[in-house]
Amino acid sequence: MIDSHTEKKQTTCMSDLKLNSPLQYVKGVGPKKAAALGKLGIQTVSDLLYYFPRTYLDRTNVIPIAKVQVNETATVIGVVRAHGMLFGKRKRYEVMLEDNSGALMLLWFAGIRFFERLFLKGQVYAATGQVGYFQGLQIIHPELERLDDETDKLVHSGRIIPVYPQTAELSKLGLNSRGIRTLTTSIFENLKETIPDALPESERNRYQLLKLDDAVRHIHYPESREQIEECRRRLAFDELLSLQFYVHRNKGKKATLVKNHQYAPPADKLSALKKSLPYELTDAQKKVIKEIIADLRLKKPMTRLLHGDVGCGKTAVAVIAALYAAENKLQTAFMAPTEILAEQHFRNWHDPLAGIGVSLGLLTSSFKASEKKKIAARCESGELQILFGTHALISDYVAFQKLGLVIIDEQHRFGVEQRGQLFAKGDNPDLLIMTATPIPRTLALTMYGDLDISTINALPPGRKPIRTVWRNENTRPKVMQFVADQISKGGQAYIIYPLIEKGEEGNESRNAEDAFTELSAGALKSYRLGLVHGRIKSKKRDETLALFRERKLDALIATTVIEVGVDNPNANMIVIEHAERFGLAQLHQLRGRVGRGETGGTVVALAYQPMSEISRQRLEYFAAHSDGFEIAEADLNMRGPGEVFGLKQSGLPELRLANYARDRDLLEASQELSQRLFVEKETLEKDYKNLFNYLMESAVKRDVNLGGG
């Protein structure tokens, strides 16, 4: 029941609507919808206006079904005449959509259960997508909008329509795209103030950017595709400027820190370890080691990013840094993203380091409580000089006597809070973060602009080339025969799947568990197979990996749990099933599991239909390029930084509209303006001082530490 106070707010709010008005009291919202929006951080009118469309349906040119062209994107409006499940080579859900001129089929291969409950005969839908042809016209996985009546057709079609990000809860409450459009329309009609713009007019003119109020209004209701881009560029500039401001602010804060430990010149243990290695360090590794040692000897804490291609030897460099800390009676915490990788680091480096008198330990969350207690006690007493582990290292029961160096492997797999918790276990320790995904320069300047960057751009000598091809699913029998032939010649193979079991993520893709059963009884029944994925207990998983390394297994069927760091020099073949579902950088990481020995390697990426054009481009690029830096740049262009480099976990604001590949001019402009604000902050003119204060207030609220410290 609504009390009179609430009722008054609801009746008076629309006549005096402001940007900071709570959404709950806006007409058409109410407590339930407000609560659902609040879970997404949308609490005020302003928050909702910054809930930008994720895409648009261009209904300014709705085409009769009879006139659509194959391989072109089209929007059609029609009535549902039939719908249902079809079984064949692949299960699919089909809907027949008909208008006065003809009919076409809408098809879904994933999320079928949802669509089974969605459609009823006689409903009117607008569908947008690329038109194909197979026994008739069809659109696979179209964008959909249900049109309830003639009025709805006029309001929500016949123009460029925004489509908003959705959750199941929002849809259930009527806050689908149509519901949000209704809300934003009402808000814009009743809003009594314009959105304040902190960017000085001179800067808007300099970069030809819209006023902020115009950009926000027209990003929701554009009159043309050109106007969408104008709005996006203005809002993208704001995102990038905020990002650059965080970078410059953090760099200034870190420059004032002083550490309470010191390093003497390198001594005997470093020389002893280098001599004990079965290989010569590359010139690139030696250069980076010099950079790190020089950094460690400074009074301010090191904050350095180390990146390079798959297999370039980053771990050896990091271990040498940890040994240098041990020489100086300092402890190192070495955190890896998976138990497999942490255990491998510990196993590979235990004997060489123990041989020169360095004590090291391993800690993961799967250890028994008694084991954890013993390791934690040894660490706190200072007995352990290097502690390898997973996120278990950040647990409250883990303490260090004198933590001097924090090393974080595959840092984008960790959230900023996790990195910060480990960093806080020392007194301004030195920080080395690593990634096996080379980082394009444009992204490095943004995400890691407050760090010093070291690059290993050469692979160890003697590496044989890896042959890479991609094939369609109909070649799978031949591919598995090729795997069998390679095994019979003494090789070993990985066979990778995106899913663990059938039905995971609501689709019917091939999966690791079924494949293990199928291949054990079929194409590879004469060979010894192992199965590894994230739900297998660590003890069993370790045993399986050990058997594979010891050549007691011929093929390892796995998910991407083996993506990073798993090392078996004898493995010379990898098959990646459903390669269309992987990103370019991830495909390259998987390729890095083979060709680590003297025999080279072969990669076969198997793709399944339906496959988008961008997936095809990705696979073509993957087969044609092997340089990790080129791969990273292309993946950034194709997918964006959030997916590739874990931007969402970095603590930075999410870039919803900015695109690093497309907006390099805006990135450079935002860098230049941000730097100017900090350099001239004592003498800024009023407009620029207001901008500085606005950005600082936002930065203080977020309090981001990009490097993790």
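T602 lies in strand β21. The model is a predicted one. At a relative accessibility of 11%, T602 counts as buried. Strand β16 spans 466–472, and strand β20 covers residues 571–576.

R596 sits in the loop between α21 (584–591) and β21. R596 is also buried: its relative accessible area is 19%, and the cut-off for buried is under 20%. In sequence, R596 and K464 are 132 residues apart. In space, their C-alpha atoms are 8.2 Å apart.

Strand β21 belongs to an open sheet of six strands. The strand order is β16-β21-β20-β17-β19-β18, and the pairing is parallel. The edges are held by β16 (466–472) and β18 (529–532). Each has a single partner strand, so one side of each is left without a neighbour in the sheet. On average, neighbouring strands of this sheet are turned by 15° against each other, direction ignored.

Within this sheet, β17 (residues 492–496) pairs with β20 (residues 571–576). The two strands run in the parallel sense, over five bridges. I495 stands opposite V575 in β20. Helix α20 (residues 538–549) lies across β17, β18, β19 (555–558) and β20. The helix runs at about 140° to β18. Helix α22 (residues 613–624) packs on the sheet and touches β16 and β21 (601–607). The direction of α22 makes about 155° with that of β16.

A further open sheet has seven strands. Its order is β11-β12-β10-β13-β14-β9-β15, again with parallel pairing. The edge strands are β11 (360–363) and β15 (452–456), each of which pairs on one side only. Neighbouring strands here are turned by 20° against each other on average, direction ignored. Strands β10 (residues 331–335) and β12 (residues 386–389) run parallel and are joined by four bridges. The bridge partner of A333 in β12 is L387. Helix α12 (residues 283–296) packs on this sheet. The strands touched by α12 are β9 (303–308), β13 (403–408), β14 (430–435) and β15. The directions of α12 and β15 make an angle of about 160°.

Helix-to-helix packing is illustrated by α10 (residues 225–255) and α25 (residues 664–679). Their axes are 8 Å apart and meet at an angle of about 45°. The two helices are therefore oblique to each other. Their crossing is right-handed. On the α10 side, the contact is made by R233, A236, F237, L240, L241, Q244, F245, H248 and R249. On the α25 side, the contributing residues are D665, L666, L667, A669, S670, Q671, L673, S674, Q675 and F678. By class, the contact has ten nonpolar, six polar and three charged residues.

These elements belong to a chain with 26 helices and 21 strands. Of its 709 residues, 53% are buried. Among contacts in the chain with a separation of 6 or more, 74% join residues 24 or more positions apart.

Definitions and conventions. Residues are numbered from 1 along each chain as its sequence is written. This is a predicted model: local features need pLDDT of at least 70, side-chain atom pairs count only at pLDDT 80 or more; totals for chains, interfaces and linings use all residues. Side-chain values use heavy atoms; hydrogens and water are left out. Two strands pair if DSSP finds at least two bridges between them. Axes are lines fitted to C-alpha atoms, for helices over the stretch in contact, and angles run from 0 to 180 degrees between N-to-C directions. Contact means heavy atoms within 4.5 Å. Angles under 35 degrees count as roughly parallel, over 145 as roughly antiparallel, 65 to 115 as roughly perpendicular and the rest as oblique. A crossing is left-handed if the near helix is turned anticlockwise from the far one by less than a right angle, and right-handed if clockwise. Ala, Val, Leu, Ile, Met, Phe, Trp, Tyr, Cys and Pro count as nonpolar, Asp, Glu, Lys and Arg as charged, and the others, Gly among them, as polar. Buried means under 20% relative accessible area, exposed over 50%, partly exposed in between (1.4 Å probe, protein chains only).
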